[in-house]
Amino acid sequence: MEGVSNPTTLDPSIAARLKRDANGLVCAVVQDDASGDVLMVGWMDDEALHRTLTTGRAWYWSRSRGEYWRKGDTSGHTQHVRSVALDCDGDALLVRVHQVGPACHTGTRTCFEAGGDLGAVVAGRAPGATR
């Protein structure tokens, strides 16, 4: 199982509230503390969350590489933690950060700029209308 960590490192009262996926991971939505922009989505297991809560920097579990990574160690585009909150179901984290440099590995400010708008119909707006 990927991402499984020593369950004694994370505060047991926090660990008990998490609803992890089959791989022991929780989705982490990362938001710019100043602007409110959603910067990226990452994955955390108990150890990554423990490191994030105790070091002031954002840590994740890389599903593709099978290892922990601290945002910015390679790129210099660091995330300094401002707060971490758990959603009502316990299956998602909101990590508010001070982002230094772009958040996306493609070089864009957010990963959602790089992915682009999918053209969803906006409720209450006439078809073809712009903002």
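These exercises walk through one predicted model, each with a worked solution.

Residues are numbered from 1 along each chain as its sequence is written. Because the model is predicted, local features need pLDDT of at least 70 and side-chain atom pairs count only at pLDDT 80 or more, while totals for chains, interfaces and linings use all residues; side-chain values use heavy atoms, with hydrogens and water left out.

**Exercise 1. The chain**

Task: State how many helices and strands the chain has, and in which pattern they follow.

Solution: 
- Start with the terms. Helices (H or I, at least four residues) and strands (E, at least two) are DSSP runs, numbered from the N terminus.
- Count them. The chain has three helices and six strands.
- Read along the sequence. The pattern is α-β-β-α-β-β-β-β-α.
- Of the 131 residues, 33% are buried. Buried means under 20% relative accessible area, exposed over 50%, and partly exposed in between (1.4 Å probe, protein chains only).

**Exercise 2. The core**

Task: Find which residues of the largest nonpolar core touch the most other members.

Solution: 
- Define the core. It is a set of buried Ala, Val, Leu, Ile, Met, Phe, Trp, Tyr and Cys residues joined through side-chain atoms within 4.5 Å.
- Name the residues. The largest nonpolar core has 19 residues, and Val 30, Met 44, Tyr 60, Leu 93 and Val 95 touch the most other members.
- Strand 1 (26–32), strand 2, helix 2 (46–55), strand 3 (59–62) and strand 6 (92–99) each supply at least two of its residues.
- Look at Leu 93. Beyond four places in sequence, its contacts (heavy atoms within 4.5 Å) include Leu 18, Val 26, Met 44 and Leu 49.

**Exercise 3. Asp 32 and Ala 85**

Task: Decide for Asp 32 and for Ala 85: buried or partly exposed?

Solution: 
- Take Asp 32. This residue lies in strand 1. Its relative accessible area is 7%, so Asp 32 is buried.
- List its partners. Leaving out residues up to four places away in sequence, Asp 32 touches Asp 37, Leu 39, Arg 96, Val 97, Gln 99 and Arg 109.
- Take Ala 85. This residue lies in strand 5 (residues 79–86). Its relative accessible area is 38%, so Ala 85 is partly exposed.
- List its partners. Beyond four places in sequence, Ala 85 is in contact with Ala 92, Leu 93 and Leu 94.

**Exercise 4. The hairpin**

Task: Describe how strand 3 and strand 4 are joined, and what covers strand 3.

Solution: 
- Check the pairing. Two strands pair if DSSP finds at least two bridges between them. Four bridges join strand 3 to strand 4 (residues 67–70), and the two run antiparallel.
- Find a facing pair. Trp 61 stands opposite Tyr 68 in strand 4.
- Look at the turn. The hairpin has four residues between its strands, and Gly 66 in the turn has a positive phi of about 65°.
- Recall the rule. In a regular strand the side chains alternate between the two faces of the sheet.
- Apply it to strand 3. Trp 59 and Trp 61 are on one side, Tyr 60 and Ser 62 on the other. All four are buried, and both faces are covered.
- Finish with Arg 63. This residue sits in the loop between strand 3 and strand 4. At 49% relative accessible area, Arg 63 is partly exposed. Arg 63 and Trp 43 are 20 residues apart in sequence, and 7.9 Å apart in space, C-alpha to C-alpha.
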